[in-house]
Amino acid sequence: MNSTYKYYEKHWQEYCQSTVDKAPTSEIDTFLSHIENPKELILELGSGSGNSLKYIHDKGFNVSGSDYIIDIVLSLKQRFKCCSYVIDITDVEFLNSFMTSTTVKHLFISAVLQHLSSSELIDFFKKIEVKGLLFLSLKEGVGEKTLEDGRYETYYTQRQIERLVSKRFEILSFNRSEDMLGCSFNWLSWTLKLKS
Ligand SMILES: C[S@@+](CC[C@H](N)C(=O)[O-])C[C@H]1O[C@@H](n2cnc3c(N)ncnc32)[C@H](O)[C@@H]1O
């Protein structure tokens, strides 16, 4: 169990309280604008407070939540009508078979992948099989760091990620935005589609 998991396992309530009203609405709107049929199932990975889950659901789309912290998933289940699952994003084989068995069409991953090591991120983009769209956001920067609270984070440039994903994915949209919690860095976000 790594220090990021330990942080969220212990502090999930205070973390979720601080972000519950901070959904990246403009980025979500761009992602949703590429989905023609709102009945197609979207799976969010690392839902945290459920801020994006609620926004996507309230827009009339079919969305399920997930996280690797069991208490977060129980809280999502209590507060929202959507289904929510315990899923670790680094277990890509499981994720692929889960998406097939539950007819998930699209993946939404906001502010989660920065917690993966760069080799885990490379592995994720090498193996992930998503039928529809994939939204992701990452922190802009260089290198990696373990924060004082124990969370491990990696930072990327637009160019690094686009080099990595363009092997398998077409880039439908890109956006750079300031952090909504007032921290001095930018979020980079993309909507991707697997090349056929
Ligand atoms: C920075 S928070 C972002 C939460 C939410 N997506 C948002 O935008 O507010 C990261 C979330 O990802 C979850 N997470 C971190 N690593 C994960 C992993 N390997 N698999 C699944 N969830 C993970 C954490 O438990 C936490 O809820």
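A: Begin with burial. A residue is buried if 20 or more other C-beta atoms lie within 10 Å of its own, exposed if 12 or fewer, and partly exposed in between. Keep in mind that this is a predicted model.

Q: Is Thr 103 buried or exposed?

A: Count the neighbours. Thr 103 has 9 other C-beta atoms within 10 Å, so it is exposed. Its place is the loop between helix 5 (92-101) and strand 4. Look at the backbone too: Thr 103 is not a glycine, yet its phi is positive, about 55 degrees.

Q: Which class does Ala 111 fall into, buried or exposed?

A: Apply the count again. Ala 111 has 21 C-beta neighbours inside 10 Å and therefore counts as buried. This residue sits in the loop between strand 4 and helix 6 (118-127). Ala 111 also has a positive phi, about 60 degrees, without being a glycine.

Q: What does the count give for Gln 160?

A: Here the in-between class applies. With 15 other C-beta atoms within 10 Å, Gln 160 is partly exposed. Gln 160 belongs to helix 7 (residues 158-165). Now set sequence against space. Gln 160 and Lys 139 are 21 residues apart in sequence, and their C-alpha atoms are 12 Å apart.

Q: How do I read burial along a helix? Which residues of helix 4 are buried?

A: List them, then check their directions around the axis. In helix 4 (residues 70-79), the buried residues are Ile 72, Ser 75 and Leu 76. They lie on the same side of helix 4 because they cover an arc of only 100 degrees around the axis. On the other side, Ile 70 and Gln 78 are exposed.

Q: What do the buried residues of helix 4 pack against?

A: Their partners are helix 1, helix 3, strand 2 and strand 3 (84-86).

Q: Turn to the strands. How many bridges join strand 1 to strand 4?

A: Read the bridges first, then the direction. Strand 1 (residues 41-44) and strand 4 (residues 104-109) run parallel and are joined by four bridges.

Q: How many bridges join strand 1 to strand 2?

A: Two bridges join them, and strand 1 and strand 2 (residues 63-67) run parallel. Leu 43 stands opposite Ser 64 in strand 2. Next, trace the connection. From strand 1 the chain passes through helix 3 to strand 2, a right-handed β-α-β crossover.

Q: In which sense do strand 6 and strand 7 pair, parallel or antiparallel?

A: Strand 6 (residues 143-146) and strand 7 (residues 152-155) are antiparallel, with four bridges between them. Lys 145 has Glu 153 in strand 7 as its bridge partner. The two strands form a hairpin, with five residues between them. In the turn, Gly 150 has a positive phi of about 105 degrees.

How values were computed
Residues numbered from 1 in each chain as written. Predicted model: local features only at pLDDT ≥ 70, side-chain atom pairs only at ≥ 80, totals over all residues. Pairing = 2+ DSSP bridges. Right-handed = clockwise from strand over helix to strand, strands pointing away. Arc of directions from axis to C-beta. Contact = placed C-beta atoms within 7 Å.
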